[in-house]
Amino acid sequence: MTTTPELALDVQQMIEARPETVFRALTEPDLYARWFGPPGSAVTADEMDLRLGGRLGLQIHIPTVDMTVGIEGFYEVIEPSRLLVHTRGSMDEDLVTTVRFELEPQGMSTRLTVHHKGFVDPVDLEQNDGGWRDLLASLADLGRALEEP
């Protein structure tokens with residue numbers, strides 16, 4: 001039997017917001033919808049049951065290609081303002097990956113590291129790497145706006 005090695009990516013982003021604020025943006029449906037998804041898309045967080053084993057369900061509508069993508073997963077680790085881990089799968093694919101958000105305080109800012117593992121296709125890995133970089137830039141903008149008086 002031949003096994004395919006698991007592929008993973010790590011992306012870091014400095015966010016000018018406290019870890020508590022960043023954690024809220026990762027776990028509150030209305031805030032999550034403001035940073036997640038490609039530019040111009042509409043994100044609906046159908047379910048964010050923030051408890052161990054709780055379900056995460058998202059719908060991302062991309063009007064430029066008139067397509068809706070469903071993402072679902074389950075929360076595996078929840079340590080408020082420090083660590084959040086959930087599975088992630090597309091409703092129309094069999095692949096399930098794991099996303100790990102590590103939040104590290106840096107003064108009044110946060111160093112956020114995303115570790116996303118479970119890929120089997122290098123092209124998929126590369127696309128997700130670029131996607132996470134764009135998403136985290138949007139998250140940084142939101143975090144900064146939430147911290148403004």
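Q: Why is Glu72 called partly exposed?
A: Glu72 has a relative accessible area of 32%. Buried means under 20%, exposed means over 50%, and partly exposed lies in between, with a 1.4 Å probe and protein chains only. The value for Glu72 falls in between, and therefore Glu72 is called partly exposed. The model is a predicted one, in which local features need pLDDT of at least 70 and side-chain atom pairs count only at pLDDT 80 or more, while totals for chains, interfaces and linings use all residues. Residues are numbered from 1 along each chain as its sequence is written, and side-chain values use heavy atoms, with hydrogens and water left out.

Q: What makes the pair Arg55 and Glu72 a salt bridge?
A: A salt bridge requires a side-chain nitrogen of Lys or Arg within 4 Å of a carboxyl oxygen of Asp or Glu. For Arg55 and Glu72 the N to O distance is 3.4 Å, so the pair meets the rule. Arg55 lies in strand E3 (residues 55-62) and Glu72 in strand E4 (residues 67-79), so the pair ties together parts that are 17 residues apart in sequence. Strands (E, at least two residues) and helices (H or I, at least four) are DSSP runs, numbered from the N terminus. Through salt bridges with shared partners, Glu47, Arg55 and Glu72 belong to one network. Arg55 is itself partly exposed, at 24% relative accessible area.

Q: What makes the phi of Asp66 worth noting?
A: Most residues other than glycine have a negative phi. Asp66 is not a glycine, yet it has a positive phi of about 45°. Asp66 is found in the loop between E3 and E4, and its relative accessible area of 64% makes it exposed.

Q: Is Ser81 buried or exposed, and how do you know?
A: Ser81 has a relative accessible area of 17%, so it counts as buried. Ser81 also has a positive phi, of about 65°, although it is not a glycine. Its place is the loop between E4 and strand E5 (83-90).

Q: Why is Phe101 called buried, and which residues does it touch?
A: Phe101 has 1% relative accessibility, and therefore counts as buried. It is located in strand E6 (residues 96-106). Contact means heavy atoms within 4.5 Å. Leaving aside residues up to four places away in sequence, Phe101 touches several residues, including Leu26, Leu84, Leu112, Val114 and Trp132. The C-alpha atoms of Phe101 and Val85, which are 16 residues apart along the chain, are separated by 6.2 Å.

Q: Why is Thr21 called buried, and where does it lie?
A: Thr21 has a relative accessible area of 5%, so it is buried. Thr21 lies in helix H1 (residues 19-27). Beyond residues up to four places away in sequence, Thr21 touches Gly143, Leu146 and Glu147.

Q: How do you know that the radius of gyration agrees with a compact globule?
A: The radius of gyration is taken over C-alpha atoms, and the globule rule is 2.2 Å times the number of residues to the power 0.38. With 149 residues, a compact globule would have a value near 15 Å; the protein chain has 15 Å, so the two agree. Of the 149 residues, 40% count as buried.

Q: What pattern does the protein chain follow along the sequence?
A: The pattern is β-α-α-β-β-β-β-β-β-α, made up of three helices and seven strands.
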